[in-house]
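Q: Can you walk me through this one? I'd like the overall picture, then some detail.

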Protein chains: 2
Amino acid sequence: MKIGIIGLGLIGGSLGFDLRDCGHTVYGVSRKESTCQRAIERGLVDEANMNFESLKTVDIVFICTPINKIYSTVKNIINDLSPNTIITDVGSVKTPIVEQCEQLWDNFVGGHPMAGTAEQGIEAGQKNLFKNAPYVITPTEKTPKNSIKILENLAQSLNSTVYICSPEEHDQAVAWISHLPVMISASLIASCLGEIDRNVLILAQQFASSGFKDTSRVGGGNPQLGVMMAEYNQKALLAALQAYRQQLEQVIEKIEEKQWQSLERLLTKTQAERSRFIH
Amino acid sequence: MKIGIIGLGLIGGSLGFDLRDCGHTVYGVSRKESTCQRAIERGLVDEANMNFESLKTVDIVFICTPINKIYSTVKNIINDLSPNTIITDVGSVKTPIVEQCEQLWDNFVGGHPMAGTAEQGIEAGQKNLFKNAPYVITPTEKTPKNSIKILENLAQSLNSTVYICSPEEHDQAVAWISHLPVMISASLIASCLGEIDRNVLILAQQFASSGFKDTSRVGGGNPQLGVMMAEYNQKALLAALQAYRQQLEQVIEKIEEKQWQSLERLLTKTQAERSRFIH
């Protein structure tokens, strides 16, 4: 197949590597000349251009820009595409993206390869990034069945595990396991910093070890990414946060009222059930 | 010095190893014959007994039992000790322990070596467990100065970093960095499990990766230990939980009201300040 990739950072670059290894011809697009050159040097793409000319003949385009640029990118390329071309994206929130983009282009299939590293930019792309990772495809009733199948086959060729669900189901699931953890973890750091006894704060900073380190990790991540999750996945994240607040209030109540058996039952349940989330 | 250690699990056993390496003579006490034998085989102690006879001549006794057995252990041994003997403990909460034990024994010094592994029991003890870890000593106004100094020297000989603070300061600091994380992490798991859409719950379990894994880790730990933290450190933990709830409500409000700049400022602050807790 002829495959276009717009945005040659971690996800776009890694897709390029693997799709070329599968025998496809990859046409990269970047805004920067130097990125285009480097993409060819690194072997991420067969060709790289700063305009959309090369997309005229491709079968599918992967939009691998930041989430807030996906819609405008689709808008900008559709005049250059052949009508059969599939457009897909790799954004980590799906409902608003799919809603808007399928209005622009009938043959749009939302996708979310759930793999990553802490790196970004043209040097970040790596081989086998998607191996054994979930690749979520989020069609709607309007999405052409054949296009879903084509994307599914490509995702499988990356050795990803493919999941197909609605954009709303995807967004609620990632709210629980990705976006909610960021907010509760950031709140942990922020509430510690609110300790008014300076001695206690300094002791807390000195005593903190692996428990605090792990629980606070995602709350110490990229702020812009955190805001984007909240902005794009506001509804599902708020639903998760409100359920979480209720759960937290139950824990506080158990401790206030010394309901130790009830607290132990809860902690026994969380200990047992955590394994279902850990692979 | 002659040193007694009651309880030969992870902490007691590891103390035995290192204190013997420093040239001290270590007298272990355990309730079980087989544990006594194994402690000698492993080289954790010089002698091991099921009664308190051997403690008659020791200079200092480390109580390394679970936290809910510290007070009764002190009560049980004091008739067998010489009046100059220092008693110290290794409990992870200090205020109630120190309050009660110093009423039984003037020469009591509260302590908390903040090191550990997931292991427990007689096979868990290991050399150099306390190296570079905090060893917190929590005297009160009544604690004999010379006894503090002796414990401090012993802790330094384990290559620990010694901190001296009040029992209350210790408890509030560990509430922030150890006990609060357990409760918020368990609440994360419990709130996810409350998702009523079965499809979404299963997707969440399938999609969960390192972010969820890290944030949920301490909430999936030993339930009895979690309850004991809450029970013994109730006051400080509740103070931390209430401050945390307020912070969480601010985050929810920012997201509800689309205050993205304010959310970004918060996440920028937590990203920058987290490093003060990570060593």
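A: Start with a term. A residue counts as buried if 20 or more other C-beta atoms lie within 10 Å of its own. Note also that this is a predicted model.

Q: OK, what share of the residues of chain A count as buried?
A: 52% of the 279 residues of chain A.

Q: How many helices and strands does chain A have?
A: Chain A has 11 helices and 8 strands. Its C-alpha trace spans about 70 × 40 × 30 Å along the principal axes.

Q: How is chain A divided into domains?
A: Domain 1 of chain A covers 2-165, and domain 2 covers 169-277. Their centres, taken over C-alpha atoms, are 33 Å apart.

Q: How many residues does each domain of chain A put into the contact?
A: Domain 1 of chain A gives 11 residues and domain 2 of chain A gives 8 residues. On the domain 1 side, helix H4 (95-104) and strand E7 (134-138) of chain A each supply at least two residues. By class, that side has 5 nonpolar, 5 polar and 1 charged residues.

Q: Switching to the two chains. How many residues of chain A are in contact with chain B?
A: 79 residues of chain A are in contact with 78 residues of chain B.

Q: Which elements of chain A give two or more residues to that side?
A: Six names to note: H6 (167-193), H7 (198-207), H8 (210-216), H9 (223-232), H10 (234-256) and H11 (260-274), which are helices of chain A. H6(A) gives the most, with 20 residues.

Q: How do the residues on that side divide by class?
A: The side of chain A that touches chain B has 43 nonpolar, 23 polar and 13 charged residues.

Q: Give me one residue to look at. Where is Leu267(A) found?
A: Leu267(A) is in helix H11 of chain A.

Q: Is Leu267(A) buried or exposed?
A: Leu267(A) has 26 other C-beta atoms within 10 Å, so it is buried. The cut-off is 20 or more.

Q: What is Leu267(A) in contact with, leaving aside its neighbours within four places in sequence?
A: Ala186(B), Pro223(B), Gly226(B) and Val227(B).

Q: Now chain B. How far does helix H1 reach?
A: H1(B) takes in residues 10-21, which is 12 residues. From first C-alpha to last, H1(B) reaches 17 Å, close to the expected 16 Å.

Q: Why is H1(B) described as largely enclosed by the rest of the structure?
A: Because 10 of its 12 residues are buried. Among them are Leu10(B), Ile11(B), Leu15(B) and Phe17(B). Asp18(B) is buried too.

Q: What do the buried residues of H1(B) pack against?
A: Strands E1 (2-6), E2 (25-29), E4 (60-63) and E6 (108-113) of chain B, plus helix H2 (33-42) of chain B.

Q: What comes just after H1(B)?
A: Gly23(B) takes a positive phi there, about 100°.

Q: Last one. How do the axes of helices H3 and H4 of chain B cross?
A: The axes of H3 (residues 70-77) and H4 (residues 95-104) of chain B come within 10 Å and cross at roughly 10°. That angle makes H3(B) roughly parallel to H4(B).

Q: Which residues of H3(B) and H4(B) meet?
A: Ile70(B), Tyr71(B), Val74(B) and Lys75(B) in H3(B) meet Ile97(B), Gln100(B), Cys101(B) and Leu104(B) in H4(B). By class, the contact has 6 nonpolar, 1 polar and 1 charged residues.

Definitions and conventions:
Residues are numbered from 1 along each chain as its sequence is written. Chains are lettered from A and ligands numbered from 1 in the order in which they are written. This is a predicted model: local features need pLDDT of at least 70, side-chain atom pairs count only at pLDDT 80 or more; totals for chains, interfaces and linings use all residues. Helices (H or I, at least four residues) and strands (E, at least two) are DSSP runs, numbered from the N terminus. The expected span of a helix is 1.5 Å times one less than its number of residues. Two residues are in contact if their C-beta atoms, placed from the backbone, lie within 7 Å. Axes are lines fitted to C-alpha atoms, for helices over the stretch in contact, and angles run from 0 to 180 degrees between N-to-C directions. Angles under 35 degrees count as roughly parallel, over 145 as roughly antiparallel, 65 to 115 as roughly perpendicular and the rest as oblique. Ala, Val, Leu, Ile, Met, Phe, Trp, Tyr, Cys and Pro count as nonpolar, Asp, Glu, Lys and Arg as charged, and the others, Gly among them, as polar. Domain bounds come from an automatic or database domain assignment.
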